[in-house]
Amino acid sequence: MTFVYLLVFGFAATAILGLITSWIDRKVTARVQYRVGPPFLQPVYDIVKLLGKETVIPAGASKVTFLIAPVIGISGVIAVATLFWVNQFFSEGFMGDWIVAIYLLAIPSLSIILGGFASRNPLASLGASREMKLVIAYELPFILAALVPVINSHSIRLSVIIDSQAGGVFAGNISGILALIVAILCVQAKLALVPFDIPEAETEIVEGPIVEYSGPGLAIFKLMKNMLFFTLPFFLIILFFGGLRFNGINILWTILEYVGIVAIITVIRNTNPRVRIDQAVRFFWGPMTLIAIVAVILASKGL
Amino acid sequence: MSLKLKALLKSPWVFHLSTGSCNNCDIETLDCLTPRFDIERFGMLLVGSIKHADVLLVSGSCNRMSVERMKELFEQVPKPCLVVAIGTCAGSRGIFKDSYNCPVPLDKIIPVDVYIPGCPPKPEAIIAGAVKLIEKVGSTL
């Protein structure tokens with residue numbers, strides 16, 4: 001049964017929704033720039049094409065680490081997505097909790113760092129070290145912001161967090177709104193999108209850690225990014241909007257919440273220039289952490 | 001094999017290589033990505049890394065210094081890959097035909113799939129060339 005959860009929900013559903021999300025992102029970006037944009041199946045074509053390409057392993061690279069890094073990353077995303085889907089729909093078996101989710105969500109970034117350092121390319125090493133600094137920067141405010149729903153619902157179990165929002169969502173409180181703002185900006189950095197695409201700045205250090213990847217390795221990294229693009233907004237919906245709801249009119253609300261979060265992320269990405277790594281660290285450790293701490297204090301006072 | 005090429009024709013990622021051109025062809029190539037022409041509607045993207053590329057866009061007259069680099073890059077492109085020669089220089093060396101510095105034309109060094117003539121070619125011509133490339137490779141499937 002666990003296997004079915006992993007394959008059907010963790011992989012298939014997440015991958016399909018992630019590819020659709022990435023198409024929405026590209027199409028909205030194109031429309032913002034007054035372009036037509038790619039066709040609907042474009043992300044699928046990209047993945048299929050990359051799977052059929054040759055894998056070039058750079059001379060002197062650490063072969064095993066180089067090849068295994070994308071697999072580690074996508075396994076992390078599949079595991080965490082399965083966790084969310086299971087908490088959403090079922091109530092028996094291993095449910096996992098908030099701590100497991102936070103832990104698993106760090107694995108994709110770690111796999112990118114691993115792959116970058118293994119590929120023996122100066123640009124990849126530079127990108128990987130930037131990614132490392134970025135992880136250190138955003139994890140603190142992200143964990144603080146994600147702590148607010150835990151304080152509000154007095155439980156670290158995700159299913160309890162979802163159930164305790166049946167009366168009113170946490171995004172309706174002052175603490176919830178503050179935490180949601182911080183969390184969306186941290187998700188922006190977790191997805192490495194502009195303005196926090198410092199690790200893979202395309203015009204500066206050509207795609208950073210994944211510069212040496214080609215063929216299936218690159219396809220898995222792209223798929224991982226796309227799946228993360230679905231999984232992280234899903235996590236925010238679980239934490240702040242009471243999970244996906246499919247009864248009656250609520251299905252419209254769910255779609256609205258999801259598309260809304262994706263649209264906010266895309267609009268931030270399209271209207272901002274890239275910041276430097278020191279600016280990003282200062283931004284996350286300064287204002288973002290302060291807002292997150294205020295949110296946590298407000299939540300512990302019951303606001 | 002055919003699925004590979006079919007998917008490749010739906011999303012050809014382009015790497016842009018100048019072998020000593022005067023930059024006019026490069027500017028016109030970048031023009032294709034602007035909102036007016038928007039080549040992303042064919043799934044084409046300009047990539048920064050040669051390892052991500054499917055199509056090698058070569059402009060310029062292949063002078064002695066850059067030919068070595070071009071050969072190295074052509075070996076690094078993950079196969080299958082296609083090569084497009086942009087501009088008169090890349091097609092036939094143009095006014096540099098008798099130059100001491102450009103002894104061999106591009107298509108004697110690496111196999112070229114499509115030539116786009118012009119000095120520089122208009123963005124419309126480059127898009128027409130891209131469509132011809134897709135038709136040519138698609139008809140061999």
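## Packing exercises on a predicted model

The structure here is a predicted model.

**Exercise 1.** Work out how helix H3 (residues 63-89) and helix H4 (residues 98-105) of chain A are oriented relative to each other.

*Solution.* Start with the axes: those of H3(A) and H4(A) come within 9 Å and cross at roughly 155°. Next, bring in the cut-off: angles over 145 degrees count as roughly antiparallel. So H3(A) and H4(A) are roughly antiparallel to each other. As for handedness, the crossing of H3(A) past H4(A) is left-handed. Now look at who does the touching: H3(A) brings A:Gly76, A:Ala79, A:Val80 and A:Leu83, while H4(A) brings A:Val100, A:Ala101, A:Leu104 and A:Leu105. Sort these by class and you get seven nonpolar, one polar and no charged residues.

**Exercise 2.** Find the largest nonpolar core and pick out residues with the most contacts inside it.

*Solution.* This core has 92 residues, and those with the most contacts inside it include A:Ala145, A:Ala179, A:Leu236 and A:Ile238. Helix H9 (residues 216-241) of chain A supplies the largest share, 19 residues. Then zoom in on A:Ala145: leaving out residues up to four places away in sequence, its partners are A:Ala179, A:Val182, A:Ala183, A:Cys186, A:Ala292 and A:Ala295. Another core, of 29 residues, lies apart from the largest one, and B:Ile50 and B:Leu82 are among its members.

**Exercise 3.** Describe the contact between chain A and chain B.

*Solution.* Count each side: 25 residues come from chain A and 18 residues from chain B. On the chain A side, helix H2 (residues 42-51) gives the most, with five residues. By class, that side has eleven nonpolar, six polar and eight charged residues.

Terms used
Residues numbered from 1 in each chain as written. Chains lettered and ligands numbered in written order. Predicted model: local features only at pLDDT ≥ 70, side-chain atom pairs only at ≥ 80, totals over all residues. Core = buried A, V, L, I, M, F, W, Y, C linked by C-beta atoms within 7 Å. Buried ≥ 20, exposed ≤ 12 C-beta atoms within 10 Å, placed from the backbone. Helix = DSSP H or I, 4+ residues; strand = E, 2+ residues; numbered from the N terminus. Contact = placed C-beta atoms within 7 Å. Axes fitted to C-alpha atoms, helices over the stretch in contact; angles between N-to-C directions. Parallel < 35°, antiparallel > 145°, perpendicular 65-115°, else oblique. Left-handed = near helix turned anticlockwise from the far one by under 90°. Nonpolar A, V, L, I, M, F, W, Y, C, P; charged D, E, K, R; others polar.
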